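Subject: Structure for your review

Dear colleague,

Please find the structure below, handed over for your own work. My findings follow it.

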Amino acid sequence: MHQLCGPEVEQPRVLDNATKAVMGVGTGLGESVLIRDRTGRWKAVHTEGGYADFPCHDEAEFELLKYLQKRYKTRCVPIERGLSGPGIEAIYDFLQSKNSTKSPVKTGPKEIVRSGLAGEDPVAVEALEAFAKIYGAEAGNFAIRTLCYGGIYLTGSLTVGLKEYLAKSKGFFVSRRCAVGSFLL
């Protein structure tokens, strides 16, 4: 298990019997909460968290939101449109459309992730950075919404492929995950 929040936190404050949050990022975005029932058994409470609004924290994300609104012909863009396999493709396409020196077009999230991690394509690298910021913001928001003192557990095919990157990308994932105000989990 990786501690993904703040150098000021020596140990994560994880309570064994407390609420746990689970986020799965892959072909879509799944969010669920695990709570103990009266008998002590864990129960999953499913959500439709992937349909919550896309979070914007800076001008680049507002531009991305406008792009997604046009791409999907909707005013309300769910977070899943940017935080999923198709989401990383949309981010890549958006960045590619802004880039004056076109990179060879990557097809599919696996190719974008592979190329970004290898540093072969500057647009793919930038797409991973943007994706990690969005992921961190949503993880922080979900942690607050669920009061998950039992921890937040990240899963899904895209998460597994980016595990080391997310753990090391202190400037992207962690800064957003920890920048959720004075409430730290």
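Predicted model: local features only at pLDDT ≥ 70, side-chain atom pairs only at ≥ 80, totals over all residues.

Val-105 is placed in the loop between H2 and H3, where helices (H or I, at least four residues) and strands (E, at least two) are DSSP runs numbered from the N terminus. At 60% relative accessibility, Val-105 counts as exposed; the classes are buried under 20% relative accessible area, exposed over 50% and partly exposed in between, with a 1.4 Å probe and protein chains only. Val-105 touches Tyr-92 and Gln-96, residues up to four places away in sequence not being counted, and contact means heavy atoms within 4.5 Å.

Residues are numbered from 1 along each chain as its sequence is written, and side-chain values use heavy atoms, with hydrogens and water left out.

Overall architecture

The protein has seven helices and four strands, arranged along the sequence as β-β-β-α-α-α-α-β-α-α-α. Of its 185 residues, 43% are buried. Among contacts between residues at least 6 apart in sequence, 64% join residues at least 24 apart.

Helices H3 and H4

In helix H3 (residues 109-118), the buried residues include Ile-112, Val-113, Ser-115 and Gly-116. Their cover includes H2, H4 and helix H5 (157-161). After H3 comes Gly-119, with a positive phi near 75 degrees.

Helix H4 (residues 122-146) has 25 residues and reaches 36 Å from its first C-alpha to its last, close to the 36 Å expected at 1.5 Å a residue; the expected span is 1.5 Å times one less than the number of residues. The N-terminal end of H4 is capped by Asp-121, a side-chain oxygen of which lies 2.9 Å from the backbone nitrogen of Val-123. This is a polar contact in the sense of a pair of N or O atoms within 3.5 Å; within protein, one must be able to donate a hydrogen and the other to accept it, and residues adjacent in sequence count only if both atoms are side-chain atoms.

H4 is followed by Leu-147, which belongs to the loop between H4 and strand S4 (152-155). Leu-147 has a positive phi of about 50 degrees although it is not a glycine, and it is partly exposed at 44% relative accessibility. Most residues other than glycine have a negative phi.

The loop between H1 and H2

Lys-73 lies in the loop between H1 and H2 and also has a positive phi of about 50 degrees without being a glycine. At 75% relative accessibility, Lys-73 is exposed. Ser-84 lies in the loop between H1 and H2 as well, but is buried at 1% relative accessibility. The side chain of Ser-84 reaches the backbone oxygen of Glu-80 at 2.8 Å. Leaving aside neighbours within four places in sequence, Ser-84 is in contact with Val-25, Gly-26, Thr-27, Gly-28, Phe-131 and Leu-158.

A buried glutamate

Glu-31 is in strand S2 (residues 29-36) and is buried, with a relative accessible area of 4%. Residues up to four places away in sequence aside, Glu-31 touches Val-22, Met-23, His-46, Thr-47, Gly-49, Gly-50, Glu-138, Phe-142 and Arg-145.

The second largest pocket

The second largest pocket holds about 180 Å³ of space. On a 1 Å grid over the protein atoms alone, a pocket is an open set of points where a 1.4 Å probe fits, with protein on both sides within 12 Å along at least five of seven lines, and lining residues have an atom within 4 Å of a point. Grid points are joined across faces, edges and corners, and the volume is the space filled by probe spheres set on the points.

Among the lining residues of this pocket are Asp-58, Glu-61, Phe-94, Lys-98, Glu-126 and Lys-133. Helix H1 (59-72), helix H2 (85-98) and H4 each give two or more residues to the lining, and H4 provides the largest share, four residues. By class, the lining has five nonpolar, no polar and six charged residues; Ala, Val, Leu, Ile, Met, Phe, Trp, Tyr, Cys and Pro count as nonpolar, Asp, Glu, Lys and Arg as charged, and the others, Gly among them, as polar.

With kind regards
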